[in-house]
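Subject: Structure handover

Hello,

Here is the structure I said I would pass on. My notes on it follow below.

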Amino acid sequence: MNIYEHSLFTVFSQFGLLYSVRVFPNAAVAGPGFYAIVKFYSSRDAQRAQKACDGKPLFQTSPVKVRLGTRHKALQHQAFALNSSRCQELANYYFGFNGWSKRIVKLQELSGLEDAALAVPMQKRNPQFFCAVEVVLPAYGCTSPGVGISEEPLPQLEEGQPSFLTKRKTAQKLAFQAALSDAFQKLTIVVLESGRIAVEYRPTEEDLDARSEEELQNLIQVGCFPSSQSSQREEECLSDFSLEEEDLKLCGLH
């Protein structure tokens, strides 16, 4: 983030949580100068910022023009899911760091079932994982489940390339991130004019019908390891999980 982006971030973040701030130089025909694209998570916050900042000097002496952006008609009906990092950023902003929690219900390896029958070595199987999580909002009495599956292609490894273990950890991480994002997509956050927040859980048609943790544990019972070794195997993998998810543990995630 350069000095201009940092200055704009400081100004506009007073009106709400920002998704991104990007600064670009003007086209040659427009003369020297810059323009910026500031994205808010909330359209209401963007409207407040536009009204308050338009025609006023922000961090410089000359006034600036602030306009609300519009989407192309072809994109109006396309909804893109936020990734897990963005979801957690939103949760921390609206609920506070201690106002919500995430927990892994199930982390199961799916890869190698057919290959195991054919006696294919584990190092030659594409790592594939299933992950089920829960996002819990205690103050709202709300729990949202999410699931995700990921697979990491495993080409012929050469010297200097990521090891099989690294690929396996990456597949675990991606499955967890997909499950966390899926859980957040089912939560609707409503910010009232008074500043109070309401939360509604809206499950999709494909969701499981209010299954308990025990039922979910019994739903996926596939893997390359005996069931007696499954939980120990998962805990060992996650305890060494250092790919930007330092807090990823089987129990007590936050």
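The count of disulfides comes to 0. A disulfide is a covalent bond between the sulfur atoms of two cysteines, and the cut-off used here is a pair of cysteine sulfur atoms within 2.5 Å. Two of the cysteines have accessibility values to pass on. Cysteine 87 has a relative accessibility of 3%, so it counts as buried. Cysteine 131 is at 0% and therefore counts as buried too; the threshold for that is under 20% relative accessible area.

Please keep in mind that this is a predicted model. The protein chain has an average pLDDT of 76, and 68% of its residues score at least 70. Among the elements of the chain, strand β4 (residues 128-137) has the highest mean pLDDT, 94, while helix α7 (residues 227-239) has the lowest, 35. The pLDDT is below 50 over residues 216-254. Even there the model places 74 contacts between this stretch and residues beyond its near neighbours in sequence.

Next, the sheet. Three strands make up an open sheet, ordered β3-β4-β5, with antiparallel pairing. The edge positions go to β3 (101-109) and β5 (142-151); each has a single partner strand, so one side of each has no neighbour in the sheet. On average, neighbouring strands of this sheet are turned by 15° against each other, with direction ignored.

The pairings in detail:

- β3 with β4: the two are antiparallel and share 8 bridges. Glutamine 108 has phenylalanine 130 in β4 as its bridge partner.
- β4 with β5: 10 bridges join these antiparallel strands. Glutamate 134 is opposite proline 145 in β5. The two strands form a hairpin with 4 residues between them, and glycine 141 in the turn has a positive phi of about 60°.

Which side chains of β5 are buried? In a regular strand the side chains alternate between the two faces of the sheet. Along β5, Cys142, Ser144, Gly146, Gly148 and Ser150 point to one face and are buried.

Helix α5 (residues 164-185) lies across β3, β4 and β5, and runs at about 145° to β5.

Regards

Conventions. Residues are numbered from 1 along each chain as its sequence is written. This is a predicted model: local features need pLDDT of at least 70, side-chain atom pairs count only at pLDDT 80 or more; totals for chains, interfaces and linings use all residues. Side-chain values use heavy atoms; hydrogens and water are left out. pLDDT is the predictor's confidence in each residue, from 0 to 100. Contact means heavy atoms within 4.5 Å. Two strands pair if DSSP finds at least two bridges between them. Axes are lines fitted to C-alpha atoms, for helices over the stretch in contact, and angles run from 0 to 180 degrees between N-to-C directions. Buried means under 20% relative accessible area, exposed over 50%, partly exposed in between (1.4 Å probe, protein chains only).
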